[in-house]
Amino acid sequence: MPTIPATPGGSPWSRVRPPGAVGLPLLGLLVAVAVWWSVTSGLHLVHPASLPPPQAVWTSLTSTADVLFPALGTTTLMTLLGFLLSTVAGVLIGMVLAASRRAERMFAPLLVAINAVPKIALGPLLVVSVGWGEKPILTMVFLLCFFPIVLSTATGLTTTPADLAELARSLNASWWQSFRKVRFPAALPQIFVGLKVAMPLAAIGAVIGEFYSDKPGLGYQILQYNGIGDTATAWAAIVLIAAMSILLYSALSLVERLALPWVRATTSAR
């Protein structure tokens, strides 16, 4: 891929952190909290038992930090492990489907069928099939994540720009050279689209898996506190899940910006 010359006087981080990258998300967060407060405390449109006001959730978060933050670490670890497994398997399956039209016709309907199954219905069955502990959590994360990664990888590898493919042929490049130098780098933007779709799904899968596991993550804590009627603490756990998802998604976007600097320079200026 062509090397993009650096802007005089600029640093690589200038492309990573554009103006407003922090201020605008914080402004959006303030607007969301203000709407939340007005619905629960200002206008009293929702009963506090269903949706506690933000100040009650904050109080519960601080008072149960010794329980929720270790649970956050457990859920984050399960999310990352499941996401990594899904990434490796999804990219490999996508490469197989892209390399063989016969394999795509054979297995694509099966992959669609697996993706269409409601994953929450598989929770009790996973406990019977794979047992307690980490296995049902990782399996649930994998089932939710792998399909968008497979789809984006296969799409990226089968939509190589014609001029790049013709250039590789004109240079008498072997299949491996063409794949390593042209097809896979050209597919990386599409693959990252699938990864960014799968990252929030990984958090969802980890929480659903913890509903049917003895692993004391945030999903487990939500069930426990909701069962005793402490909805404020249950919502505090949900807020932590949302914050974790935002941070992991932002980290993945940062990796994409650093690993694919040519994408923003060769596409739109947005």
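Phenylalanine 142 and phenylalanine 146 sit in helix H7, 4 residues apart, or about one turn of the helix. The model is predicted. An α-helix has 3.6 residues a turn, so residues three or four places apart point the same way. The structure holds 1 aromatic pair. Phenylalanine 142 and phenylalanine 146 form that pair, and their rings are stacked, with 5.4 Å centre to centre and 5° between the planes.

The two residues compare as follows.

| Residue | Relative accessibility | Class |
|---|---|---|
| Phenylalanine 142 | 26% | partly exposed |
| Phenylalanine 146 | 4% | buried |

Burial means under 20% relative accessible area. Phenylalanine 146, at 4%, is therefore buried.

Next come the cores. The largest nonpolar core has 43 residues. Leu68, Phe83, Leu195 and Leu218 have the most contacts inside it. Several helices give two or more residues to this core, among them H3 (54–63), H4 (65–99), H7 (134–157) and H10 (218–227). H9 gives the most, with 12 residues. A second, separate core has 6 residues, including Leu111, Phe146, Phe147 and Val150.

Leaving out residues up to four places away in sequence, leucine 218 touches Leu68, Ala71, Leu72, Thr75, Glu210, Ala237, Leu240 and Ile241.

Leu218 is also one of the buried residues of H10, along with Gly219, Gln221, Ile222 and Tyr225. Seen down the axis of H10, the buried residues fall within an arc of 160°, so they line one face of the helix. Just after H10, glycine 229 takes a positive phi of about 80°.

How values were computed:
Residues numbered from 1 in each chain as written. Predicted model: local features only at pLDDT ≥ 70, side-chain atom pairs only at ≥ 80, totals over all residues. Heavy atoms only, no water. Core = buried A, V, L, I, M, F, W, Y, C linked by side-chain atoms within 4.5 Å. Buried < 20%, exposed > 50% of the residue type's maximum accessible area, 1.4 Å probe, protein only. Contact = heavy atoms within 4.5 Å. Arc of directions from axis to C-beta. Phe/Tyr/Trp six-rings, centres within 6.5 Å; stacked < 30°, edge-to-face > 60°.
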